[in-house]
Every structure is written in C-alpha cells, then in structure tokens.
Amino acid sequence: ASAAQRQQQTIPATTMADEYDYDDEDLPDPSLKNIIEQETLQWIFVGGKGGVGKTTTSCCLGTQLAKHRKKVLIVSTDPAHNLSDAFCQKIGREPTPIQGFDNLSAMEIDATEDLDKMQRSMEDATGAGQDEDGNSGIQSLMTELTNSIPGIDEAMSFSELMKQVQNLDYDVVVFDTAPTGHTLRLLSFPTILEKAFGKLMDLKDRFGGLIGQASALFGGGSPDQVQEALLGRLEETREIISKVNTAFQDPAMTTFVCVCIPEFLSIYETERLVQELSKFGIDSHNIVVNQVLFPEKDAEELGEWYDSSKDALPKEAREICGKMMARKRMQDKYIGQCFDLYGDDFHVVLMPLLDHEVRGVEKLKDFSELLINPIDLEE
C-alpha cells in the first residue's frame, strides 16, 4: 500500500497501551540513548517538515551529547536560523561557545554568503576585474552554470561548509537542517556535480572562444585562468562531496533523526523522508514525535474521565476540554499509525507538549532529559 493509503487506515480507538505494547522487549527502546551510546557517530542530521521542532530537538541532542563527547558542534543549515533564539544568545557564522558549556558550540551558515566569498577568492586568484555593472568573468560563468544546473550553487556552498566543518576538529556535528525538500536536495549533490562537470566541459568545447571574449569584456583575467579556476573549484567540490557522501552512507559515522508531530501531513512527510533516505543509503532509525498531549495517558482513559465529569463543568470549561479531547483522539490515531509503520525498526520518542516555550540553556537541558529518559507510557 502507498504511504497515503496506509495513513488512511483507521487505528482502533482502543487503549494505545493495549494496541502497542511499549514495554515489549522486542521493540526498540523509545529514546535517543542509542545515539548517545554510539561513539563512532560523527554526523547527526535532524530533519523533517517545517515547524515540527527540529531546532529544539537538535539543541537538546547537542546538550546531551556534550555530557559524553569532548567537543560537540551544532550547525544550522536552515536559511531561517533559530539557534540564536533557542539558546537565547547571539550565534554567528563562526563556531560560538554556548554559555554554560565548555565543550558545546553552535554556528549558523549562510550559503549565499559562502558562495560570494568563494567567488571573490576565485576572482583574486585569476585577477579578473569587473565590468561597468560590477560583474566579473567568474560571476558571469557562475550565473550561466547556475541557470544550466539548478542547485549547483547550493552544492558548492555545501562543500565549502563541509570543508570548514571538517577542519574544525569536533568529535560530533549535529546538523539542524532546512525543511525536508531542501535536505533531500542536499543528498543529491554528488549527482548534480557530475552534471555540472559535463555541462561545463560542453560549454568549454562549444563556446571556449566566446567565454574568452566575454571574460576579456568583463574586466580581463586570462580566459584560460578563469575557466581553470572554475574547473579547479568544481573538481575540489566534487572530491569533498564524494568523500562526504561516502561518510554519510556509513551507518557507523552518520545517522538521520526524523522529527514530526502527530498530524497527517507531518507523518506523511516523515514516510517520504524515510523512503528517500533509504534510497540514498543513509541510516535512519530514530523518530522524534513532538507536541504530544499527555503522552502517558490515552484518549479513551481521558474520555472516561471527561464523560463522568463534564456535567459538573461550566460551559466554557466543557468547550475547552471538548476541544482538547478531539485533539488528543486525533493525535492518538496518528501516534498509533507511527508505531504501526515504524515501531518494529525505529526508536520512536514521544515528546510532550509543554506549558511554556523551550528557550534558554536550562529549559533545553531539562527538556533534553526526556529524549534519553522518556515518559513511562505504562504508568
């Protein structure tokens, strides 16, 4: 059955603790303890649909890893950075030590700025000047390349990021990634670069003279130098990404944590993400379900209490409790489907919806404990 069909299957509204025996020894432990204990891990990606709590999960995972590893780095690759908001301190493009830790740092990457910086270094190396509009030969070639192969600019900036991160000497790096679509494109960069090389060689063969004239018009710099600089940078990018890709496909070094909330679209997106990761050969065996109402209780149990008490409640309280009960029943259905789909093979962690935002080191530390020591679902 397709993912959508499976999502539509109705899960019986019986007690979830009866339907899914969470204490069954055959099922994976419902926590992220396995990640903390796997000391060979170097790259941990945290991804999922927008707005499901990826940044909070990344920060919590980072704070737990900091207890067991010498040097931990959290990197945000999402253009809409949230690490600064989560830790309540300014975090920049260089690794910034997190207050209250001596072995945890964070950084927020700006892919566009990385690409501009790379272009400037290539311009300096080739001596290419600028035309009256301020464009250089390198910029013109890059624009042509980006138009021909969408994603090549992101691939090159990602390789710059990986080169930078590899040189920083951290035991483990947690990536707080952009929403699912961006993350999946990141995994296809090796293929994109192969296309880029073919395209560039084709351009060189067909328009070599034209590129030479254009680079002369765009402020000089030897045409051969401009072409060689771009080819050299692409070759370097391809080597880095090829090496990184090999590491990403090694489950001893890399794993991907999927984050979702108990709603149809989010569970469906998680299914798509799990399938894509499997296609790319990237290990994934942990799912974090955020914003769960009363994980330790189930809808039937709460429903019995509500039915016996609602007549004594004021009208406003009945409306509030009725809405909460409807939401709880919906969540239980999708949590049931999540365990149905992944419970046998994945560590599925239920994280509670809190009365407050998880911001600042102390709140992150407290919340992170639930990733390792989850709420007892049998209480």
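Me: How many aromatic pairs does a search of the whole structure find?

Reply: Rings of Phe, Tyr and Trp (its six-membered ring) pair if their centres lie within 6.5 Å; planes under 30 degrees apart count as stacked, over 60 as edge-to-face and the rest as tilted. The search of this structure finds nine such pairs. This is a predicted model, in which local features need pLDDT of at least 70 and side-chain atom pairs count only at pLDDT 80 or more, while totals for chains, interfaces and linings use all residues. Residues are numbered from 1 along each chain as its sequence is written, and side-chain values use heavy atoms, with hydrogens and water left out.

Me: Why is the pair of Trp43 and Phe248 edge-to-face?

Reply: A pair of aromatic rings is described by the distance of the centres and the angle of the planes. For Trp43 and Phe248 the centres are 6.3 Å apart and the planes are at 75°, so the pair is edge-to-face. Trp43 belongs to strand E1 (residues 43-48) and Phe248 to helix H11 (residues 223-248), 205 residues apart. Helices (H or I, at least four residues) and strands (E, at least two) are DSSP runs, numbered from the N terminus.

Me: Are Trp43 and Phe248 buried or exposed?

Reply: Buried means under 20% relative accessible area, exposed over 50%, partly exposed in between (1.4 Å probe, protein chains only). Trp43 and Phe248 are both buried.

Me: How many disulfides does the search find?

Reply: A disulfide is a pair of cysteine sulfur atoms within 2.5 Å. The search finds zero. For Cys60, the nearest cysteine sulfur belongs to Cys59, 7.0 Å away. Cys60 has 1% relative accessibility and therefore counts as buried.

Me: Where is confidence lowest, and where is it highest?

Reply: Confidence is given as pLDDT, the predictor's confidence in each residue, from 0 to 100. The mean is lowest in helix H1 (residues 3-8), at 41, and highest in strand E7 (residues 286-292), at 97. Over residues 1-22 the pLDDT is below 50. Where pLDDT is low, the predicted coordinates should not be read in detail. The chain averages 80, and 69% of the residues score at least 70.

Methods. Contact = heavy atoms within 4.5 Å.
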